[in-house]
Amino acid sequence: MRVCILGAGGLGSVIGGYLAESGVDTTLIARPAHAEAITRNGLRIEGVRGEHHVRDNLTAVSNPADATGEFDYLILATKAKDSDTALASADCLKSRVKTVCSVQNTIVKEQILARWIGDPAKVMGASTIEGGTLEAPGFVKNHVTVPTTAYFGELDGTVSPRAQALADAFNKAGLGAKAVDCIQQVLWEKLAQICNASAWSVSTLAGNHELTFVHGMSLREGAEHYVAIARELLAVYGALGYTPQNFYAPLSRLKDIYECATEEDAVQLMLGFGERMKAQGYAGRTSMHDDVVRGKKTEVDYIVKPFVDKGRELGIPVPTVTAAYRIIKVLDHYLA
């Protein structure tokens with residue numbers, strides 16, 4: 001198997017590094033300094049799976065034209081807002097890629113890939129919750145994982161050999177994965193989960209750059225705000241015909257909130273979650289919160305806006321989500 005990862009920053013490098021370590025011929029297309037450091041010294045990964053130094057089966061380039069040969073899979077791993085630029089730069093790969101998929105946090109990524117590759121049959125659904133940050137050229141941190149961290153499946157609701165093959169490769173690399181016949185539901189539920197955490201954390205915590213997720217979730221008002229967002233997202237998700245499954249347990253709490261008999265039960269659930277995170281010394285932030293702290297443009301239009309738009313389309317009120325969206329858009333306007 002040969003895999004090419006387009007946009008190998010934190011997440012793409014984590015995935016690519018583990019795949020290469022397990023024996024998959026992997027090419028990372030990354031920014032020049034990162035690609036040069038990997039070529040010179042290999043890729044260092046630290047985090048939830050310990051320390052890894054990957055050299056074998058790993059090629060890093062900064063220009064897609066330098067990615068040689070044919071690839072079984074091209075995985076798009078840029079920020080959603082960078083998709084068009086990254087894909088345009090990789091036009092030279094179109095004829096050399098059998099299957100394309102994306103691990104971005106957006107519900108429109110498959111349509112974008114289909115337009116780029118020109119053949120929808122080459123596009124496969126993919127989703128992951130794996131967390132990776134680029135700390136320095138040649139060095140990434142893998143700060144988040146769950147038992148099943150990746151899902152693959154066909155957009156027509158079938159499980160194909162190519163989906164199973166990629167899931168098998170991820171499992172061999174230590175990235176728990178499944179090939180499923182419900183990838184569309186996985187994509188929507190992941191987006192709801194990411195939207196819940198992102199809209200909540202930025203609208204609650206962004207005023208103080210010292211704060212992390214646990215600081216808000218261990219306070220009653222923070223838990224109440226989280227539940228209010230979750231219930232609105234669940235109303236939209238349910239109107240699409242889906243019932244929460246917690247695909248990314250134990251990080252996801254949508255199914256648990258959905259099953260709570262009262263709002264107070266849901267608030268107590270999240271307060272308990274916050275207290276457990278505090279006891280474990282958890283100090284993480286969502287990617288969107290990190291973007292705000294670092295002064296970068298966010299992905300609010302890809303992560304939060306779809307639920308604002310879908311709520312309006314379906315006639316489902318989402319006032320808390322809409323308020324969070326407006327707050328983040330104002331912040332976003334002044335980010336570089």
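This is a predicted model: local features need pLDDT of at least 70, side-chain atom pairs count only at pLDDT 80 or more; totals for chains, interfaces and linings use all residues.
My topic today is salt bridges, and the structure holds 18 of them. As background, side chains of opposite charge can pair when their charged atoms come close.

Let me start with Lys 81, which has a relative accessible area of 36% and is therefore partly exposed. Lys 81 forms a salt bridge with Asp 82, with 3.9 Å between the closest N and O atoms, and Asp 82, at 30% relative accessibility, is partly exposed as well.

Now please look at Arg 49 and Glu 130, whose side chains meet in a salt bridge at 2.4 Å, N to O. This pair links distant parts of the chain, 81 residues apart, since Arg 49 sits in the loop between strand 3 and strand 4, while Glu 130 sits in the loop between strand 8 and strand 9. Arg 49 is partly exposed at 23%, whereas Glu 130, with a relative accessibility of 5%, is buried.

Which residue pairs with Lys 310? The partner is Glu 313, and the closest N and O atoms of the two are 3.3 Å apart. Both belong to helix 13, and because they are three residues apart there, about one helical turn separates them. Lys 310 counts as buried at 19%, because the limit for that word is under 20%, while Glu 313 is exposed at 57%.

Finally, Arg 220, Glu 224 and Glu 264 are joined in a network of salt bridges.

Methods
Residues are numbered from 1 along each chain as its sequence is written. Side-chain values use heavy atoms; hydrogens and water are left out. A salt bridge is a side-chain nitrogen of Lys or Arg within 4 Å of a carboxyl oxygen of Asp or Glu. Helices (H or I, at least four residues) and strands (E, at least two) are DSSP runs, numbered from the N terminus. Buried means under 20% relative accessible area, exposed over 50%, partly exposed in between (1.4 Å probe, protein chains only).
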